[in-house]
Amino acid sequence: MPVRWLVDISAEDVPSVGGKGASLGELTQAGLPVPSAFVVTADTYRTFLEETGLDEELSDVLDVDVEDSAALADAAATAKELVLDADLPDEVAETVLAAYDDLGDAPFVAVRSSATAEDLPDASFAGQQETYLNVTREDLLDRVRRCWASLFTQRAIYYREEQGFEHDAVDIAVVVQRMVDAEKSGVMFTSHPSTGAPTTIIEAAWGLGEGVVSGSVSPDNYVLDRKSGDVTDVTVAEKKTLITRDEATGETVERDVPPERREERVLSEAELEELRKLGERVEDHYGTPQDVEWAIADGEVFMLQSRPITTIDDGADIAEETATDGESLVSGLGASPGIASGAARIVRGLDELDKVGQGDVIVTEMTTPDMVPAMKRASGIVTDEGGMTSHAAIVSRELGVPAVLGTGSATTVLTDDQPITIDGDRGTVEAGRAEPDEQREPVEEARPTTPVKPMTATEVKVNVSIPEAAERAAATGADGVGLLRTEHMILSTNQTPERYVEKHGADAYTDELVQGIRTVADEFYPRPVRVRTLDAPTDEFRQLEGGENEPHEHNPMLGYRGLRRSLEERELFELELAAFAELYEMGYDNVEVMFPLVTDGRDAEAARDALAEAGVDTEKRRWGVMVETPAAALCAEEFCEAGASFVSFGTNDLTQYTLAVDRNNELVADRFDELHPSVLALIEGVIETCREHDVDTSICGQAGSKPEMVDFLVERGVSSISANVDAVRDVQHEAKRVEQRLILDDIR
Ligand code: PEP
Ligand code: MG
């Protein structure tokens, strides 16, 4: 059957209509109000391949070494072209258009790909994520073909190869659904999302649902007692913008809400009641609490999607029971939270890494990039040296491994095989083991325990330094990556960039960066990932192979690092920028480019021009600069004029350069204050200027994880905040709290 209607589809039909199609069919069969739709089945895609002879052609084209970036790019481009240029068999074209005509009155439709490969852990990797809104009859066949072609992006091909999926075994279906011209829309939790109590929670805003789902609009919030039907709580938000269809172009656009409707309540008692009943029916149908997307058009309520709420806390939080001897052995900085027990393994050199087994505690002077694989096996990390921004601190936090750093003497006080328990909050190391804990699951621990992501107008993102931490960072539900530091990718090769190029060649260097960035960009796709070009300080790079050639500087912090170094070492910089050009070419349109330690507009222009010379369209792609010096803060206007899409506060450096306090110098550590009025004044000025120019502002220094800084920034109107993995959820709540306070202040 070339097409199937939702009324004839149930949950068993995934192989034919894909996951999206099957779930919409299931809802329709249950009598729930789903906008009418049909599915162009996976069989139709097969027929298309066979009748056009494309199946064989594609399998030849895709027979490439995916590690060879150029060959992969060629294969993807050719495959896509083949699919887009092939004519649909007449019968298929006629059936699809006839089905469209059966929808009546030539409606706009949404055309979405629907993955049939349920065994792919995340269909977004497989490239089955295409969605086209407001499609007309004229464009319909082309959009269907585009959904099919989405199987052949470089990303999708690479991923299938890596996972061992045969390209020709992956099918794709396409859902064609009547668009709902929603006057209001939102989401509903049919039961309380963290406790499972019979409470219905509804969030609602004007216009299409995209605004509420993506968090770009602050919605009204309604709480209902499901048993009595009483509305127990109503919070009306100020809704400044809405998403709607432009009458003239048919495109989805963001508009200002007319002033008189901004503070108007979206849902009436009757509508709430109708939604609540609908929620009851969906939950009954599936037998589990659901997270529903809904819309109201012409007084009619529609359900657009329903997913189970899987993370209701069953209240089984058992207090940690410890059975240590209580004898404190050493103490230091609690640098990565959590409690871990295991046998101590004293690691004095890289040749001793093998002795670290699963669940052991690494005890070492200081961690290095070569230790990352062992750090992943370990249950905890203890070091003699290192502070909150050291390699050990950043990596252990990102991996979710508890760590106590800077103990001064752990490698001499502790002994090999000694059972110890470390507390990464308090910074203590005790003798003995805590009760055997459940197997730790760092990725699961990073996942919020309640699926209600606090809806904030301020985006809350996450910092990532090592690609290995990407999965855990993505599990936080952050809105993207606010800072991906490329230094750690280079450090992990244990060679300076110059040495790496000498040994492996220029292409290999670019490729190293492409692979590292791609791991993170894949994990977050389509959420944006802001990648920073190299900020290589000579003293940190001296420890690497080839580091003997690093210049000696009187004061490396004020010297040859960040963009100023990149602009001098043009050849390396070009290889780095080539990695971005390649990633865009591969379809990673979620990547953004950020330049570190710029001084003024001239720096920004030079960086922009270099990026353009590398083949990146600087008008189309998002790029920006870090504000890490008072000079940069005072030049915000110049960055806006240079065409930056965003600026990001690097408060680690901005604080050290404003207060003249070396961020690594323990003697003045108590003077390092990111909340100092002078630092805040600089930040405030930049936000004000950027807002005038409609340029985004964000923070990616450590201070973004501090509630006081979040308060300050949200009040001033920052666009996004990037926090450490373990702080994301708290920052979301804090941002929401401040946003609501601002709304209330406005009303009162
Ligand atoms: C900063 O300076 O705040 C920053 C994020 O960059 P880094 O810590 O890598 O210098
Ligand atoms: Mg910095």
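Q: How many cavities of 30 Å³ or more does the structure hold?
A: This is a predicted model, in which local features need pLDDT of at least 70 and side-chain atom pairs count only at pLDDT 80 or more, while totals for chains, interfaces and linings use all residues. Side-chain values use heavy atoms, with hydrogens and water left out. A cavity is a set of points, on a 1 Å grid over the protein atoms alone, where a 1.4 Å probe fits but cannot get out. The number of cavities of 30 Å³ or more is 3.

Q: Which residues are closest to the centre of the largest cavity?
A: The largest cavity has a volume of about 120 Å³, a volume being the space filled by probe spheres set on the grid points, which are joined across faces, edges and corners. Its lining (residues with an atom within 4 Å of a point) includes at least two residues from each of helix H17 (497-504), helix H20 (562-568) and helix H21 (570-585), where helices are DSSP runs of H or I with at least four residues, numbered from the N terminus. Of the 14 lining residues, the closest to the centre are Leu534, Arg565, Ser566, Glu569 and Leu572.

Q: Which helix gives the most to the lining of the second largest cavity?
A: About 100 Å³ of space lies in the second largest cavity. Among the residues that line this cavity are Ile394, Arg397 and Glu398, together with Arg485 and Asn652. With 3 residues, the helix that gives the most to this lining is H12 (residues 391-399).

Q: Which residue has a side-chain N or O atom 2.8 Å from an oxygen atom of ligand 1?
A: Among the 13 residues around ligand 1 (a heavy atom within 4 Å), those that come nearest are Arg485, Arg532, Gly650, Asn652 and Arg663. A backbone N or O atom of Thr651 lies 3.0 Å from a ligand oxygen, and a side-chain N or O atom of Asp653 is 3.0 Å from an oxygen atom of ligand 1. The side chain with an N or O atom at 2.8 Å is that of Arg663.

Q: Is Thr538 buried or exposed?
A: Thr538 is found in helix H19 (residues 538-541). Not counting residues up to four places away in sequence, Thr538 touches Glu550, Pro551, Glu553, Pro556, Tyr560 and Arg565, contact meaning heavy atoms within 4.5 Å. Because its relative accessible area is 1%, and the cut-off is under 20% with a 1.4 Å probe and protein chains only, Thr538 is buried.

Methods: Residues numbered from 1 in each chain as written. Chains lettered and ligands numbered in written order. Buried < 20%, exposed > 50% of the residue type's maximum accessible area, 1.4 Å probe, protein only. 1 Å grid on protein atoms, 1.4 Å probe; cavity = no way out; pocket = protein on both sides within 12 Å on 5 of 7 lines; lining within 4 Å. Polar contact = N/O pair within 3.5 Å; in protein donor to acceptor, adjacent residues only side chain to side chain.
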